[in-house]
Amino acid sequence: MTDLRIQRRGVLLGAAAAGLGLASSNSWAQSTWPSKPVTVVVPFPAGGGTDAFARPLAAQFSKSTGKTLVIDNRGGAGGTLGASIASKAAPDGYTLFMGAVHHAIAPAMYPKLDYDIEKDFIPLALLANVPQVLVVNPKTPSTNFKQFLDYIKRNPAKLNYGSAGAGTSHHLAGELFKQQTGTFITHIPYRGAGPALQDLIGGNVDMMFDGLGSSANHIKSGRIKALMVSGAKRNPAFPEVPCASEVGLPDYTVTTWYGLWAPKGTAADVQARIVDEIKRLGTADELKAVWASNGADYGGMTQQQFGAFVSSEVKRWAAVVKASGAKLD
């Protein structure tokens with residue numbers, strides 16, 4: 001009996017020591033992240049809306065942690081190429097994915113995706129919420145939305161609009177616009193909002209439905225002209241631009257949002273450390289000022305809330321795709 005009690009005591013002590021060791025290990029992993037540069041896969045070329053938020057975030061991250069946040073632009077296939085690459089990265093907290101509303105639309109547009117945004121990623125944070133804006137080249141012969149809409153109606157199938165790619169929010173925003181205004185404009189997909197904006201500035205496309213994050217600086221400089229922001233209220237960063245409800249489109253609401261994910265399998269303690277750091281950066285004055293200048297709000301959701309939000313957006317956009325009949329070009 002004595003030997004048995006000694007053995008049991010030894011087992012209990014060993015288990016306790018192992019538990020302490022695991023807790024110590026997790027605590028060490030959490031406290032030491034990041035111990036080396038962190039890569040964020042941005043699934044669009046430089047110059048787009050995702051980039052407009054990723055790069056200021058990277059700069060503040062480096063200041064805060066002393067480690068580099070590397071932006072890895074992987075454009076193509078409406079943002080799904082970069083998402084596919086990120087989904088297969090090592091789940092160690094050193095490769096993250098910065099996606100957007102486009103990735104909630106993609107399941108309805110791309111039936112053969114080799115990743116699942118809800119199953120192959122762990123939602124970390126909603127980074128920014130940005131209203132969509134209708135922008136045109138300044139040479140367009142219209143000074144306001146009503147004039148421009150009349151011009152489109154007088155010239156059916158003559159005008160076109162650029163997007164960040166088939167199946168992106170830019171594309172679906174255009175399809176909603178066509179539905180609600182009874183007009184026809186031709187969709188021209190690009191490999192990201194940046195290239196599409198450059199062609200809009202150059203006069204190679206007539207219009208674009210873009211997130212304010214990527215259009216803001218071009219609007220302020222006069223390189224493009226904003227005619228309408230989506231939704232029921234004007235944006236504080238551009239108070240002179242009317243909202244959709246003011247110009248007769250009360251149901252035209254499209255928001256471009258940006259979020260951060262980790263590959264499935266990333267340890268819970270590392271997730272927590274990343275979330276804490278992003279929350280601290282997102283609520284700091286430096287990034288709040290950048291977000292405000294881009295007409296954006298910080299998301300401010302918990303991980304669980306962000307995950308539920310993504311699921312609701314997947315369902316919402318599937319219904320929009322079905323109703324609009326939108327297809328890959």
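## Helix α3

The buried residues of helix α3 are T80, G82, A83, S84, A86 and S87, where buried denotes a relative accessible area under 20%, exposed one over 50%, and partly exposed a value in between (1.4 Å probe, protein chains only). Helix α3 spans residues 80-87 and is mostly covered, with six of its eight residues buried. Helices (H or I, at least four residues) and strands (E, at least two) are DSSP runs, numbered from the N terminus.

The buried residues of α3 pack against β1 (38-42), β3 (95-100), α4 (102-109), β4 and β9 (255-263); contact here means heavy atoms within 4.5 Å.

## Basis of the model

The model is predicted: local features need pLDDT of at least 70, side-chain atom pairs count only at pLDDT 80 or more, and totals for chains, interfaces and linings use all residues. Residues are numbered from 1 along each chain as its sequence is written, and side-chain values use heavy atoms, with hydrogens and water left out.

## Overall architecture

The chain contains 11 helices and nine strands. Its C-alpha atoms fill a box of roughly 95 × 40 × 30 Å along the principal axes. Among contacts in the chain with a separation of 6 or more, 77% are accounted for by residues 24 or more positions apart.

Of the 329 residues of the chain, 51% count as buried. The chain exposes about 14,600 Å², and carbon and sulfur atoms supply 56% of this area; accessible areas come from the Shrake-Rupley method with a 1.4 Å probe, and for residues only the protein chains shown count as cover. There are 32 positive and 24 negative side chains, and the centres of the two sets lie 1 Å apart. Lys and Arg count as positive and Asp and Glu as negative, while His and the chain ends are not counted; each charge is placed at NZ of Lys, CZ of Arg, CG of Asp or CD of Glu.

## The largest pocket

The largest pocket has a volume of about 330 Å³. It is lined by 19 residues, of which P131, K233, N235, G295 and D297 lie nearest its centre. Strand β4 (residues 121-136) provides the largest share of this lining, namely three residues.

A pocket is an open set of points on a 1 Å grid over the protein atoms alone, where a 1.4 Å probe fits and protein lies on both sides within 12 Å along at least five of seven lines; lining residues have an atom within 4 Å of a point. Grid points are joined across faces, edges and corners, and the volume is the space filled by probe spheres set on the points.

## Helix α8

Helix α8 (residues 212-221) is likewise mostly covered, with seven of its 10 residues buried. These are L212, G213, S214, S215, A216, H218 and I219. Their cover includes α2, β4, α7, β7, β8 (225-229) and α10 (285-293). Just after α8, G222 takes a positive phi of about 90°.

F61 is placed in helix α2 (residues 49-65) and counts as buried because its relative accessibility is 2%. Leaving aside neighbours within four places in sequence, F61 is in contact with W33, P34, V38, G66, K67, T68, L69, E277 and L281. The C-alpha atoms of F61 and V38, 23 residues apart along the chain, are separated by 9.8 Å. The peptide bond from W33 to P34 is cis, with omega near 0°, and P34 is found in the loop between α1 (2-32) and β1.

S169 belongs to helix α6 (residues 169-181) and counts as buried at 0% relative accessibility. Beyond its neighbours within four places in sequence, S169 is in contact with V101, H102, I105, Q132 and T256.

## Loop residues

Most residues other than glycine have a negative phi, and most peptide bonds are trans. A77, in the loop between β2 (69-73) and α3, has a positive phi of about 55° although it is not a glycine. A77 counts as partly exposed because its relative accessibility is 41%. A157 lies in the loop between α5 (145-154) and β5 (160-163), and its phi is positive, near 70°. With a relative accessible area of 46%, A157 is partly exposed.

N204 lies in the loop between α7 (193-201) and β7 (207-211) and counts as exposed at 52% relative accessibility. Not counting residues up to four places away in sequence, N204 touches N160 and D199. N204 and D276 are 72 residues apart in sequence and 44 Å apart in space, C-alpha to C-alpha.
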